[in-house]
Amino acid sequence: FKTIGFDMDGTLIDTQQLMIQKFQEYYRTTFGKPYTGKIDTTKPYASEIFSDCEKDVIDAFEKWFWPWYNLNAPMRPYVKELFQKLHAMHVNVHIITARKADVCKENDPNVVESTYKWIEQNGLKPDAIHIGFYEKLSVMKGNGVEILVDDNINIADQVSAELPFMLMQTEYNKKYAGRNIWKINTFEPAVFIQMLRFIEEHQDSWKEDYELDDKKVLNPFSPESAVDTVGLNKEAFGKKNIIFSLPLGNPDAGATQLARRLAIEKKHLLIPLRLISNP
């Protein structure tokens, strides 16, 4: 890969954990007591994380939090070292963030300026910065970005249809999986480069396997009742080299057992979803 894109919030920054920490501090300071309501880490947004809390309190917290966050949020470990390593390898680094001035200005009127300042004061020195883009695939294709690192599952769906996607694992996306989506949990340079090499070696054959018209994917993440319509098609199963996508770490899942049995019986090619956080 010659050009790699990185998202910011939830990716370069552990936004959710920072939000939880700061909300608890804010609540204790404001009301003189700890927050004892529900904290739902399966959700990414404050109104969902602290669903027991009054909307007015959440709104007031966000008006304080986001201006502070946009300038002061700490990076995940190894981000600066990874950027330096990639540049030393002559790899272009782009930052692609969905922060939109028209939406974010309600809580931080200086969101664009703060974003540039945060990048500068953390010494990241990307080759390009793209602010305010939800359609990240278009940005990637228009700027030669070959792979994206992001935490958003909607962006994962969008990008992985055409280009490799590295999903930074969080509590709110850890159950998500899909083809051409490669899970990571560290920016430690040596490990990250090893992941890139693995994806480079497999991306072409992976794409070709799924693009052939005579292939059928059995999706083990579909509800049990939907298996017949998703995978068990007689015409499709009469052909060779059907590709199955399997979740690692869940060997007892019914769909996993079914896929293994059919692969053995019909000598189909079996390709697992790769969880390469620990290569």
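Q: Why is Asp7 called buried?
A: Asp7 has a relative accessible area of 4%, and buried means under 20%, against over 50% for exposed and partly exposed in between (1.4 Å probe, protein chains only), so the value for Asp7 falls on the buried side. The model is predicted, with local features needing pLDDT of at least 70 and side-chain atom pairs pLDDT 80 or more, while totals for chains, interfaces and linings use all residues. Residues are numbered from 1 along each chain as its sequence is written, and side-chain values use heavy atoms, without hydrogens or water.

Q: What makes the pairing of the Asp7 and Lys136 side chains a polar contact?
A: Asp7, found in the loop between strand 1 (3-6) and helix 1, has its side chain 3.0 Å from that of Lys136, and a polar contact is a pair of N or O atoms within 3.5 Å, one able to donate a hydrogen and the other to accept it. Asp7 is also in contact (heavy atoms within 4.5 Å) with residues including Leu12, Ile96, Leu148 and Asp151, its neighbours within four places in sequence being left aside.

Q: How do you know on which side of helix 7 its buried residues lie?
A: The buried residues of helix 7 (residues 136-143) are Lys136, Leu137, Val139 and Met140. They cover an arc of only 160° around the axis, which puts them on the same side of helix 7, the arc being that of the directions from the helix axis to the C-beta atoms. Strand 2 (92-97), strand 3 (128-131), strand 4 (147-150) and helix 8 are among what covers these buried residues, whereas Lys141 and Gly142, on the other side of helix 7, are exposed.

Note on methods:
Helices (H or I, at least four residues) and strands (E, at least two) are DSSP runs, numbered from the N terminus.
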